[in-house]
Amino acid sequence: MAHKVRVGIVGMGQGGTTVYKTLRKIDNIEIIVVCDRINKNAGMEMARLEGVATCMTLEAFLKVPNLDVIIEATGSPEVQEHLERQKAKSSALVEAQGANLMMYIIEETEKLAEIKRLKGELDTILNSVQEAIEVAGIDGKIKYVNPSFSRVTLIPAGERIGSNIFEVSPNGALARSLRTHESVFAHRAQVGGSIVEVMSNASPIIVDGKMEGAVVVFQPLTDIYKLMEQLKASNQVIDDLRSRINQISTSSYTFDDLIGSHPEFESALNLARKAAKSNSTILITGESGTGKELFAHAIHSASLRFDKPFIKVNCAAIPETLLESEFFGHEKGSFTGALKTKLGKMELANGGTIFLDEIGDMNPYLQAKLLRVLQDMEFERVGGTQTIKVDVRVIAATNRNLLAMAKRGDFREDLYYRLNVLELRLPPLRNHKEDIPAYVHSLIVKFNRKFGKRVVGLTGHAEELLLNYNWPGNIRELQNVMERAMVTAEEELISHKSILNLLNSESPAAQEPVCETIMPIEQMEKQMIRLALNHYGDSAEGKKQAAKALKISLATLYNKLKTMPDLK
């Protein structure tokens, strides 16, 4: 093991401390002692923390034995003379100027080592990249090519380096960048000396504000074409996945969202809860707007398939020519416009539930194919020959009388009985109007959140209007009426006037009450004023609103109240 140089430093000011910090990093140097008259300066504290001996006098410093080098960092001639006179003959004395020179040499050596390290890292990076790289000086002389350059062009590095770019490739991106002192992008050309066509990017090399040369990076167009093909294929996969994801959904409602306490509604709800636990096919019947889709969602949510797809198909909304493709998918090229293979709803629903809404509108040909799926759980895509097996639970819904249609020959009777394993009959809203207040409360909460309103309920007259209405559109119509009323609501209570204009004017319940008994105009006037005051209240603000509703001025209302004492 090499002998370590034992060093002592006199003067731990800024200069001495700098020398100390530099020397302690060198393996073959051991700092034995440091000396300074100020015991508490930063350099002395640092040395003590690192276990180096410290002293405050030259006498104590010179008693330390076997020092190979003494560095005098005070710059004082008296200190230098004293050390020279009293030091051991085996100790070399380095004065402040000599120490500074040594520091400079050490720093430059470290910089050189760092440059070598960075050059090694850069060489490794340049040699490993797949793109070809070529560097030329300002005079055009080629200084460097990486291994990928030779791989792409089949030109050996030894043959290329030392040549002049203006001679071997005068029209290339590198020569152009050297001539114009500007960057060149997406330059398409042949590499000089080869027939390889490449796409190049070149940039000037600027050092301290002065252009020293330029560098070009390029790839053969064949590689770019391959990347484009790979990208195209990847995009196709992504598009297919996005299309599939967009078609797949999960159920949006649970049994907690189904409100109703009427015995007929409760009976349907209880049967639906029991049916959810099985895999049996369910037929949900009822008028439009009775909530058939909500029941289908709730059944799926409560089933063992809750974490699998829930796919809805509206048989009435899909053109008949596309219905088979929508159900079972198609192979690429199976018909005009079939540009790629498409998965059908049945395949997307595999493992989950498919909800066939408006099943009564399905054409007879597709009914036959659906019957096979229900029997064997297998089918072929349109234009395909491969049999695809699936595990799908079917829930169908209709507002039509399928049995009567089957008897007339408008619907396959065997499919009807296959669908009607469990029939769920939903009552029309007019049969359970007592559930309307609960529905209304739920809708007010929902639309308050949606529209940022603070509606708390309906006036008694408005609620009476809803309860007397026939609701031909069932719950869906009620929801639409409440949503439109909430949009225009400005007060905490929705009045009957806000509701009246939204109801079907042909329904008797939607008409304002008409007096059947003929009475004098004065008596009718009193009745209208009394009705207005009962509704808006007899406060100053109430009278103002009453006058507005009666379309008379406030002064006229007060005059009439004076002439009609029985109204006060």
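**Note on a predicted chain: sheets, helix pairs and single residues**

1. Buried residues make up 40% of the 568 residues in the chain. Buried means under 20% relative accessible area, exposed means over 50%, and partly exposed lies in between, with a 1.4 Å probe and protein chains only. The model is predicted: local features need pLDDT of at least 70, side-chain atom pairs count only at pLDDT 80 or more, and totals for chains, interfaces and linings use all residues. Residues are numbered from 1 along each chain as its sequence is written, and side-chain values use heavy atoms, with hydrogens and water left out.

2. The secondary structure comes to 24 helices and 19 strands. These are DSSP runs numbered from the N terminus: helices are H or I with at least four residues, strands are E with at least two. Take contacts between residues at least 6 apart in sequence: 61% of them join residues at least 24 apart. Contact means heavy atoms within 4.5 Å.

3. Start with the five-stranded sheet. It is open, its order is β12-β13-β16-β11-β17, and its pairing is parallel. Two strands pair if DSSP finds at least two bridges between them. β12 (310-314) and β17 (422-425) are the edge strands, each pairing on one side only. Neighbouring strands are turned by 20 degrees against each other on average, direction ignored.

4. Lysine 312 stands opposite phenylalanine 355 in β13. In a regular strand the side chains alternate between the two faces of the sheet.

5. Helix α11 (residues 263-276) lies across β11, β16 (393-398) and β17. Its direction is at about 150 degrees to β17. Axes are lines fitted to C-alpha atoms, for helices over the stretch in contact, and angles run from 0 to 180 degrees between N-to-C directions.

6. Which strand holds threonine 285? Threonine 285 is in β11 (residues 282-285). At 13% relative accessibility, threonine 285 counts as buried. Leaving aside neighbours within four places in sequence, threonine 285 contacts Lys292, Thr398, Glu423, Leu424, Arg425 and Leu426.

7. Next, a helix pair. The axes of α13 (residues 320-328) and α15 (residues 364-376) come within 10 Å and cross at roughly 15 degrees. That makes α13 roughly parallel to α15. Angles under 35 degrees count as roughly parallel, over 145 as roughly antiparallel, 65 to 115 as roughly perpendicular, and the rest as oblique. The crossing of α13 and α15 is right-handed. A crossing is right-handed if the near helix is turned clockwise from the far one by less than a right angle, and left-handed if anticlockwise. Leu323, Glu324, Phe327 and Phe328 of α13 make the contact with Tyr365, Leu366, Lys369, Leu370 and Val373 of α15. These residues divide into seven nonpolar, no polar and two charged. Ala, Val, Leu, Ile, Met, Phe, Trp, Tyr, Cys and Pro count as nonpolar, Asp, Glu, Lys and Arg as charged, and the others, Gly among them, as polar.

8. A second pair is α18 (residues 436-451) with α20 (residues 474-488). Their axes are 10 Å apart and the angle is about 45 degrees. α18 and α20 are therefore oblique to each other. Their crossing is right-handed. Residues that meet there include Ile436, Tyr439 and Phe451 in α18 and Ile475, Met482 and Val487 in α20. The residues of this contact divide into twelve nonpolar, two polar and three charged.

9. Now the hairpin. β6 (132-137) and β7 (residues 142-145) run antiparallel, joined by three bridges. Alanine 136 stands opposite isoleucine 142 in β7. Four residues lie between the two strands, and glycine 140 in the turn has a positive phi of about 95 degrees.

10. In helix α9 (residues 173-180), Ala173, Leu174, Ala175, Ser177 and Leu178 are buried. The buried residues of α9 pack against β6, α8 (165-168), β8 (184-190), β9 (197-207) and β10 (210-220). Just after α9, histidine 181 takes a positive phi of about 60 degrees.

11. Two single residues remain. Serine 148, in helix α6 (residues 147-153), counts as buried at 5% relative accessibility. Not counting residues up to four places away in sequence, serine 148 touches Val129, Gln130, Glu131 and Ala132. Lysine 21, in helix α1 (residues 14-23), is partly exposed, with a relative accessible area of 37%. Lysine 21 and methionine 46 are 25 residues apart in sequence and 9.4 Å apart in space, C-alpha to C-alpha.
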